[in-house]
Amino acid sequence: EVRAKAIAQDNLIAADRRANANQNSLEEGRTLLEQSDRNRRMIEQELGDTNETLSDQTCQNQAISGAKMKCEQEMNNLGHDLDEMSSEAQISEEKAQRAMIDAARLADELRAEQEMAMMLERDKKL
């Protein structure tokens, strides 16, 4: 009976040790679970923030792309306008040259007519 009591006492001590070890493992598991849950929530928050930033940057990128396309179109329009103005300037330059040639010819004709008129006047006086 004493021997059985000693064995029971030893078994009780061993069971208490296992229970304490299991309790410690349970507490450690709960602590790790709480840490994991906090980390998960923090990462979910970061993911939400990252998604929001991505959305904002996507909108900005689309706005910039639209502005770029508008600028490119405007540059094309300005290039066409420049080509058109250059053509018109060249045509105007050619017209101006013809007008100067005509003016010089008319001035020569006028000078010749004036000289002729002066000679006729001189001849009349003589």
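Figure 1. Helix α1 covers residues 2-125. Residues are numbered from 1 along each chain as its sequence is written, and side-chain values use heavy atoms, with hydrogens and water left out. Since this is a predicted model, local features need pLDDT of at least 70 and side-chain atom pairs count only at pLDDT 80 or more, while totals for chains, interfaces and linings use all residues.

**Figure 2. The surface, and a look at isoleucine 101.** Buried residues make up 0% of the 126 residues; buried means under 20% relative accessible area, exposed over 50%, and partly exposed in between (1.4 Å probe, protein chains only). Isoleucine 101 lies in helix α1 and counts as exposed because its relative accessibility is 58%. The accessible surface of the protein comes to about 11800 Å², and 56% of that belongs to carbon and sulfur atoms. These areas come from the Shrake-Rupley method with a 1.4 Å probe, and for residues only the protein chains shown count as cover.

Figure 3. Side chains of opposite charge can pair when their charged atoms come close. The structure holds 8 salt bridges, each being a side-chain nitrogen of Lys or Arg within 4 Å of a carboxyl oxygen of Asp or Glu. In this one, the closest N and O atoms of glutamate 27 and arginine 30 are 3.4 Å apart. The two residues are 3 apart in helix α1, so about one helical turn separates them. Glutamate 27 is partly exposed at 37% relative accessibility, and arginine 30 is partly exposed at 45%.

**Figure 4. Salt bridge between lysine 68 and glutamate 72.** Here the side chains meet at 3.7 Å, N to O. About one helical turn lies between lysine 68 and glutamate 72, because they are 4 residues apart in helix α1. Lysine 68 counts as exposed at 52% relative accessibility, whereas glutamate 72 is partly exposed with 41%.

Figure 5. Aspartate 102 forms a salt bridge with arginine 105, and their closest N and O atoms are 3.7 Å apart. They are 3 residues apart in helix α1, which means about one helical turn between them. Aspartate 102 is partly exposed at 36%, and so is arginine 105 at 42%. Elsewhere, Asp37, Arg40, Arg41 and Glu44 link up in a network of salt bridges.

Figure 6. Glu74, Asp81, Asp83, Glu84 and Glu88 form a negative surface patch. Patches are made of residues with over 30% relative accessible area and no salt bridge, with like charges joined within 9 Å and nonpolar side chains (Val, Leu, Ile, Met, Phe, Trp, Tyr) within 5 Å. Glutamate 88 sits in helix α1 and is partly exposed, with 44% relative accessibility.

Key
Lys and Arg count as positive and Asp and Glu as negative; His and the chain ends are not counted. The place of a charge is taken as NZ of Lys, CZ of Arg, CG of Asp or CD of Glu.
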